[in-house]
Each structure stands twice: as C-alpha cells, then as structure tokens.
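Please keep the sequence and the model in view while reading.

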Amino acid sequence: MQQLHTAFPYNPHRREREVELEGRMVPTGKAWGLLVTVWIIVMTAFLFVRWSLVYLTLPMLLLLFTAVFFFKPRIRVDVERILPHNRFLEGTEVEVVLRVSSEERIIGLRVRDDLPEGLKLLSGRRDWLLLLSKGEVKELKYTILVKRGVHEFNWVELSYRDPFGLFHFTRRIDLYSEVIGVPAIEEVPTPYSTRGTKITVGALPSPRVGEGVEFHAIREYQPGDPLKIINWKATARTGKIMSNEYESERKVDVVFVVDASYRGELVFDHLIRAAASLMLNALNDGTSFGLLLAEDVPLWVRPDYGKRHFFKCIDFLSTAKPDRNNMIAYQVEHLIRSHFPPRAQLVYLSPLLTEESRKALEIMASFGYNVVVISPNPYTAVEPKSREEELALRLLNLARKALLRKMASHGIIVDWDVRKPLKVAVAEVVGL
Amino acid sequence: MKLKRRFYSLIFLALLFILLAELSPWTLVLLPVGLLALQWYSMGLILLFSVSLYLIYHRIGGIYGLGVVSLALLTAEAAYLDRNEAPKEHYLVLLGAVLLTYPIYTLMVLSAGFTPRLEATGIAALFLVVLYLFLKLVAD
C-alpha cells in the first residue's frame, strides 16, 4: 500500500477562479414567508377592526428594509479548491480546502461546494455562510472518504445574500477538480506458472526453449547447434552426440481479463482490487502485462512493462464499472485471434456467474492458454439475515462449488471467500 | 453528546415568554411552537403570527406590544442565523434593524398627536400602499 502511495509524485491539485457576481435581487422563500406573515397580520388587524395596531408589523418591515439596504448589486470574489493530490487509495480520508477571498467587504456570502456522488462527507460541512472583510482570505475545510472511481468536482455555488438571507443572487461557477480513487492493493503471491508444474515466486522461466542460464533437459545434437552446448558426459554414456537445452530467461506476457458484468456487482470492488494487486505483483516481478476490461465497450491495453504502464492500467481499473455487458466470450475470442500474445499467461478475474463468462474461460483454455481464474465468491459477501437466507446461501454455494469443479479442467480456479485476504485464497489453491 | 449548533435564539425566546407570561399564563401554550421555531423558520413565522393575533385580539399595542412582536421576530431570525453559524456581526445587524422600530414608533406617536383621526386613517392607508409597492418592487 505504502509503495503505491509514494510512487505518486506530490502534486498539489488546485483550481482557482476569480468571479464577478452580478445579478438582480431575488427574494428567497424566507422573504416570501415573512411578507405573507406581514400581510396576514395587516388583514387580521382590519378583520378585528383594530387597524391602528397595524404598526405591530414595523419590526418586520424594518428588517426587510435593512436587508435591502445592505444588499450590493455586484461583488468580486476569488475561489480556489485545494486537494493534496488527485489520486488516492480507496478508503483514504482526504481534506478538501476551499479558499475564498474578496477585495471588498461582503456581509453575507453563502458558499456551497459540489460533492461528487461517490464521495462521502466524513466531517465538516459543504455549505457555509461567510462574512468577508476587505482582503480577507477564508479557508473552508471538510473531509471526505474516497471510494474507487473517478470523482469530479464541477462547480462551486456562490450565493450573495443580505445578512438575514431574505434576498439573494446565486451563481454556480465552474471550478473543476478531479479525485481518482485507485483500488486498494494488497501483497499477493504469484498464482501462475509458465508450465503449470511449478508455482514460482519471483522471476518466471518461459516455456520457449532457447539460450539462457537455466538448464532444462538433454537431447540429441541437431545440426546447427553450437558446439559449446554439447554435453560430453552424456555423449560418452549414450554413444550419441547429446546437447544441453536451456530455458530462456525471457518472461511470459501476462494478460489480465476482467469480467465487468453487472451480475458480479456485489464483488466487483474485490475483483478490481485483486486485478490491481496482481498487476503490482507482475510489476515487481518485471513481467510484462496487459489488460482486457470486458465492459460493454471492451478496453484493451497491450502488454507492456514499467510503472507508467502500471499506472495507466490502474487508472482504467479505477474507472471500471459493472455494466450490462454480456459479450465477454465474443470479446475474448476476438482478442485472442487478433491481439493476445501467443503463449501468454491469462489471469481471468470473474465471479463466473454468467454463462458467457464461463464460455469465455472455455475459449481461453481451448486456445491453449494457461489460465488462472480468480473468482470472488459473491455468496460470501452477503451476511444472511434469517435462517432461510442462510440455507439459500448454502445451496447457492453448493451449486457454485459443483460448477467450479466442472470448470476446473480449463485452468486453476481460485474460489475466493472475500471475507479472507486474497493471498490466503491464492495460497490455499496453489499450495504456497 | 455535543450539540453542533448555537442557541443564541433561546435568549430571545426566554425573554418573549417572560413578557407573555405577564399577560396571561395561557400564552405558555405557544411554548412548543417557540421551541420548534428554533429548528424551522416556518414555525418561527407561525409563532410570530400567533403572538400578533393574540395582541391584536386583546388590543395590546404600544411599546409592550412591539416588544413582544420584536422578540418573536428575533427568535425566528436568530434561530436562522444559529442554524447557519452566521458571523456574530449578523446578530448585531439583526438587533439594530429591530431596535430601529422604537424611534420610528416614537416618531409616529408624536406625530399622531398633531394629526386629526381622518388623516391618521389616510396615513395608515398610505402605509398599506407603500407596503404594496414594496412587495411589487421585490416581486418584479
């Protein structure tokens, strides 16, 4: 987690606007309420034939006149939104600061900040009533809880009011800031191997036979082989010229296929966290990796190396949303034929709830790819509220287990109980 | 439990009910409305109207009547400022605006001594016309 956080350079995220507000005085609902009350009191005085008591409305009328007296037709303010960064791990608490200043005295300014839907207000408030002296700068703070996704702050609403809030003019000004909630990342072991016979942690040998440093096997000498690879001891033992075979140090390409079907909405965040964690693992291993985000419009990122590529993929994962895509099998088949690198290691992240998602796994296996499936179990994300629900969940779990057993021939399937950390689920399956 | 809002309006509410209790203990039935006025402005307006209705019905005016109406208005307005955590200066402006009532009322009382009744009716009618014009100006 720390590693990801420090990898982002500190970049104070600010947006500033100087605004001149000008507008016609508009009575607020409060003013209408007061005026109606005045009217009713006047009518009541006439009704009871005590019209001389009409002067009881004097305090209210004077309040209205004072409000008008204090109202300015035009004001100028500077507004700035300050965020410490623009990328945060989901679940981070972030302090947002709105800095408001004015070149003139403003007796009543209501400021309301835009709060994107996916963000939760933890402390503070997002609307304030201010009195600004000439040249005074006020910092308005509140704390939000960041969720995964792209969250856009689009506006700040400035409402200039008299001190009692009886008249106003209100403008919503564009002030754009962006917060990206990146998926939380945990340390996970590498759940795949190039040959499927050994689970490795660290550098991965490639199945491609060629020059390298790792001894692989002995075979008969073939014309064209360099003399230095002849194994003289084996030649003497067998009577035939034998040469050594080595494994190449070239690492495999890993392709992450993320099933973004709405059926898996319950565990979608877990799915994305798992993809991000495995990507960080691949980055640390120095493995090249690509991403297929199987949304309604599929997103394909070609395999590549390095941190920049990693952050690009993480940005896409941050924005991923479950949708009504039911074409994953077609998308996978098309990309296997046209874009997937041969002999790549596929990591398929799917709750395997739809027929399409299961067909996609069959297609991957039928093309000869090694597939590791990380399948968060949606039934472990539900807390049963009654005995009936508990029984229903048990039945669904049994049906899922039977289904996964049937699918086991297509690859290694990690059935992830989301109440446990991913690394425990991986370790249980691959025996680390 | 820490309350996250101010309650300056309680001062005005307390003063209002001290004044009303002197009139009749029955006025204390308005206390629940007064307490609700601390939270909702509309309840503040109902309090203001109820108090005014009581005063008009019982022909209670003068400085005392204006004092009661002013305190009812101050309760409703100060509660609004409390809810919005308004700057302290806003309370002063509010108090100033309401206190202006008394010099104007004194002026009206003094000038009424020199005017015959018919003209006083004329002034009242003029007062209503001004109120109408003011409403129209604001609405436009």
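## Contact between the chains

Two residues are taken to be in contact if their C-beta atoms, placed from the backbone, lie within 7 Å. The model is predicted, and in it the contact between the two chains takes 30 residues from chain A and 39 residues from chain B. On the chain B side, at least two residues each come from α3 (41–57), α4 (62–83), α5 (88–99), α6 (101–112) and α7 (117–139) of chain B. Helix α3(B) gives the most to this side, with 10 residues. By class, the side of chain B that touches chain A consists of 27 nonpolar, 8 polar and 4 charged residues.

One pair of helices across the two chains may be described in detail. Helix α3 of chain A, residues 58–69, and α4(B) have axes that come within 9 Å and cross at roughly 45°. The two helices, α3(A) and α4(B), are therefore oblique to each other. From α3(A), the residues Leu58(A), Pro59(A), Met60(A) and Leu63(A) meet Leu66(B), Val69(B), Ser70(B) and Leu73(B) of α4(B). The contact of α3(A) with α4(B) has 7 nonpolar residues, 1 polar residue and no charged residues.

## The six-stranded sheet of chain A

Chain A contains an open sheet of 6 strands with mixed pairing, in the order β17-β16-β15-β18-β19-β20. Its edge strands, each pairing on one side only, are β17 (299–304) and β20 (412–416) of chain A. From one strand to the next, the twist averages 15°.

A hairpin of 4 residues links β16(A) to β17(A). Within this pairing, Leu293(A) has Leu299(A) in β17(A) as its bridge partner. Strands of a sheet pair through backbone hydrogen bonds, either parallel or antiparallel.

## Helices of chain A

Helix α5 of chain A, residues 268–285, lies across β15 (253–259), β16, β18 (345–349) and β19 (370–376) of chain A. The direction of α5(A) is at about 170° to β15(A).

Two further helices of chain A, α7 (residues 328–338) and α8 (residues 355–366), pack at an angle of about 20° with their axes 7 Å apart. That angle makes α7(A) roughly parallel to α8(A). The crossing of α7(A) past α8(A) is right-handed. On the α7(A) side, the contact is formed by Ile328(A), Ala329(A), Val332(A), Glu333(A) and Ile336(A). On the α8(A) side, it is formed by Glu356(A), Ser357(A), Lys359(A), Ala360(A), Ile363(A) and Met364(A). By class, this contact of α7(A) with α8(A) has 7 nonpolar, 1 polar and 3 charged residues.

## Confidence in chain A

The mean pLDDT of chain A is 83, with 87% of its residues at 70 or more. Among the elements of chain A, the highest mean, 93, belongs to strand β9 (residues 137–145), and the lowest, 34, to helix α1 (residues 2–7).

Some stretches of chain A call for caution. Over residues 1–12 of chain A, pLDDT stays under 50, and the model has 14 contacts beyond four places in sequence for them. Over residues 194–212 of chain A, pLDDT likewise stays under 50, and the model has 43 such contacts beyond four places in sequence.

How values were computed: Residues numbered from 1 in each chain as written. Chains lettered and ligands numbered in written order. Predicted model: local features only at pLDDT ≥ 70, side-chain atom pairs only at ≥ 80, totals over all residues. Axes fitted to C-alpha atoms, helices over the stretch in contact; angles between N-to-C directions. Parallel < 35°, antiparallel > 145°, perpendicular 65-115°, else oblique. Left-handed = near helix turned anticlockwise from the far one by under 90°. Nonpolar A, V, L, I, M, F, W, Y, C, P; charged D, E, K, R; others polar. Pairing = 2+ DSSP bridges. pLDDT = per-residue confidence, 0-100.
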